[in-house]
Number of protein chains: 2
Amino acid sequence: MKVSISKENHLKAIFHLQQEHGLVTTNALAATLSTRPASVTDMLKKLKEQKLLIYEKYRGFKLSGEGRKAAVQIIRKHRLWEYFLVKKLQFGWDEVHDIAEELEHISSRKLIDRLDAFLGNPETDPHGDPIPDSQGRLQVRRQLSLSEMPLNKTAQVSGIASQTSEMLELLQYNHIRLGTRLEIRKKFPFDNSLEVKVRNRPPVTLSAQVAKNVLVKDDESLAERR
Amino acid sequence: MKVSISKENHLKAIFHLQQEHGLVTTNALAATLSTRPASVTDMLKKLKEQKLLIYEKYRGFKLSGEGRKAAVQIIRKHRLWEYFLVKKLQFGWDEVHDIAEELEHISSRKLIDRLDAFLGNPETDPHGDPIPDSQGRLQVRRQLSLSEMPLNKTAQVSGIASQTSEMLELLQYNHIRLGTRLEIRKKFPFDNSLEVKVRNRPPVTLSAQVAKNVLVKDDESLAERR
DNA sequence: TTTTAATTTTAGATTTGTCTAAATTTTATT
DNA sequence: AATAAAATTTAGACAAATCTAAAATTAAAA
């Protein structure tokens with residue numbers, strides 16, 4: 001039996017939700033996939049049949065080893081294509097997600113390994129997310145969200161957790177991108193918004209919602225890397 | 001209504017058959033798509049509904065202006081991706097067809113125009129077929145098949161009509177590739193096979209079936225081009 | 001611990017693309 | 001021109017992926 005595009009999308013979404021929340025629910029999955037819980041259930045049964053998922057009805061589910069492997073391969077493809085689009089075709093980092101969403105379903109293994117080599121085996125995609133290697137090994141990144149950062153410490157943007165293009169556009173507008181170094185100047189407990197300062201620019205205010213999705217490495221952990 | 005991958009494949013196949021034979025039949029289309037005549041009929045009705053096809057049942061069909069435009073765009077994508085695979089990812093010209101068959105269905109217009117620029121707006125793909133430009137203009141090529149060539153004249157391989165990988169492998173084996181200059185030494189009327197000579201190699205015999213599918217430009221028409 | 005609420009699953013329908021077998025239309029042959 | 005053959009289309013079925021509405025199960029609240 002084949003792994004269709006829809007199945008691949010389900011596997012990938014389950015993987016991401018597992019990373020974020022540990023356990024995944026039918027409803028959450030339906031929400032991220034913009035589909036209905038009933039449809040998710042249907043798909044879960046198919047994935048179980050293919051041994052990509054460990055699933056008992058009403059009790060919950062998680063990826064099997066096989067399923068995880070498949071999901072990581074899709075993520076590898078997605079991130080390599082994003083890198084290609086930004087670095088070779090001059091796309092902005094905020095416009096590549098949807099295209100990569102299509103490209104990630106091209107099946108040739110050889111293609112993706114050649115692409116990887118062509119790009120010089122990059123370690124992270126343009127949003128700062130680590131790219132799994134050809135064996136499926138995936139770096140975990142030690143980073144925290146901007147909202148967890150202490151005051152008056154500089155940090156460097158190393159990733160964006162949620163990648164809606166609306167959100168990426170907002171960041172673009174405020175000159176915040178991957179690698180941008182910034183400092184938290186003020187926190188407003190009322191709405192958890194915060195004021196950040198980027199070098200050579202007037203300070204800007206970010207909502208809690210945005211701050212939660214901007215991932216940074218503080219300068220110590222960066223230093224330690226080299 | 002959307003143009004699905006299957007519809008795109010039908011449009012493309014109709015276009016190619018139209019080029020080759022002028023008119024297209026339900027059976028021929030079914031054969032090239034490895035599907036059944038009944039399935040083709042079903043699809044023809046859908047394409048007609050979308051005004052991509054001019055079709056009256058039992059009487060025949062051909063692409064509409066819109067349909068032609070759509071088909072050419074798919075061919076543009078296919079050939080640009082083939083070029084990318086060969087020139088940037090070091091694939092052999094005989095192994096890119098199937099991958100391009102998948103890539104040609106990626107929808108982003110911007111992607112393909114950027115890719116075109118990145119590749120330096122190439123004029124032909126690795127098999128020598130012309131690449132339509134971003135306006136959908138498609139060069140027609142003045143070339144004849146090897147079997148139509150006169151004896152003792154040199155010519156240069158400018159295209160391969162049928163691109164099964166079996167056929168491409170055979171050519172590869174005989175050191176015949178795009179741009180190869182060769183000369184017809186003998187024709188055997190018995191089976192229409194012929195013996196050709198490539199520089200610095202012993203002569204080889206090609207079946208009529210192969211010769212028919214190797215397209216060449218004779219050296220005059222090549223000269224005339226510059 | 002009942003009762004209520006939320007979550008998840010089933011049952012049955014729909015759409016798209018495909019199939020086989022039978023019917024229809026066109027083309028070729030005698 | 002009548003009949004046989006070939007090509008094409010219809011009718012009806014099926015698999016995949018989705019949906020809505022209703023039923024089943026689990027979790028939460030009174």
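1. Helices (H or I, at least four residues) and strands (E, at least two) are DSSP runs, numbered from the N terminus. On that basis, M1(B) sits in the segment before α1 of chain B. M1(B) counts as exposed because it has 7 C-beta neighbours inside 10 Å. The scale is this: 20 or more other C-beta atoms within 10 Å make a residue buried, 12 or fewer make it exposed, and anything in between is partly exposed, with C-beta atoms placed from the backbone. K62(B) lies 61 residues from M1(B) along the chain, and their C-alpha atoms are separated by 20 Å.

2. This is a predicted model, in which local features need pLDDT of at least 70 and side-chain atom pairs count only at pLDDT 80 or more, while totals for chains, interfaces and linings use all residues. Residues are numbered from 1 along each chain as its sequence is written, and chains are lettered from A and ligands numbered from 1 in the order in which they are written.

3. Confidence comes next. The pLDDT is the predictor's confidence in each residue, from 0 to 100. Chain A averages 89, and 95% of its residues score at least 70. Helix α6 (residues 109–118) of chain A has the highest mean, 98, and helix α9 (residues 219–225) of chain A the lowest, 44. Residues 221–226 of chain A fall below 50; beyond near neighbours in sequence, this stretch has three contacts in the model. Two residues are in contact if their C-beta atoms, placed from the backbone, lie within 7 Å.

4. Now the protein pair. 13 residues of chain A are in contact with 13 residues of chain B. On the chain A side, α5 (97–103) and α6 give two or more residues each. α6(A) gives the most, with four. The chain A side divides into seven nonpolar, three polar and three charged residues. Here Ala, Val, Leu, Ile, Met, Phe, Trp, Tyr, Cys and Pro count as nonpolar, Asp, Glu, Lys and Arg as charged, and the others, Gly among them, as polar.

5. The same surface serves both copies, since 100% of the contact residues of chain A recur in chain B.

6. The largest nonpolar core has 66 residues. Such a core is a set of buried Ala, Val, Leu, Ile, Met, Phe, Trp, Tyr and Cys residues joined through C-beta atoms within 7 Å. L85(A), V214(A), L85(B) and V214(B) have the most contacts inside it. Leaving aside neighbours within four places in sequence, L85(A) is in contact with F91(A), V96(A), I99(A) and A100(A).

7. Which residues come nearest to DNA strand D? Of the 20 around it, they are S4(A), A38(A), S39(A), N27(B) and A38(B). A residue is near a strand if its C-beta atom, placed from the backbone, lies within 6 Å of it. α3(A) gives the most to this surface, with five residues.

8. DNA strand C is also surrounded by 20 residues, the closest being N27(A), A38(A), S4(B), A38(B) and S39(B). α3(B) gives the most here, with five residues. By class, the surface near DNA strand C has seven nonpolar, eight polar and five charged residues.
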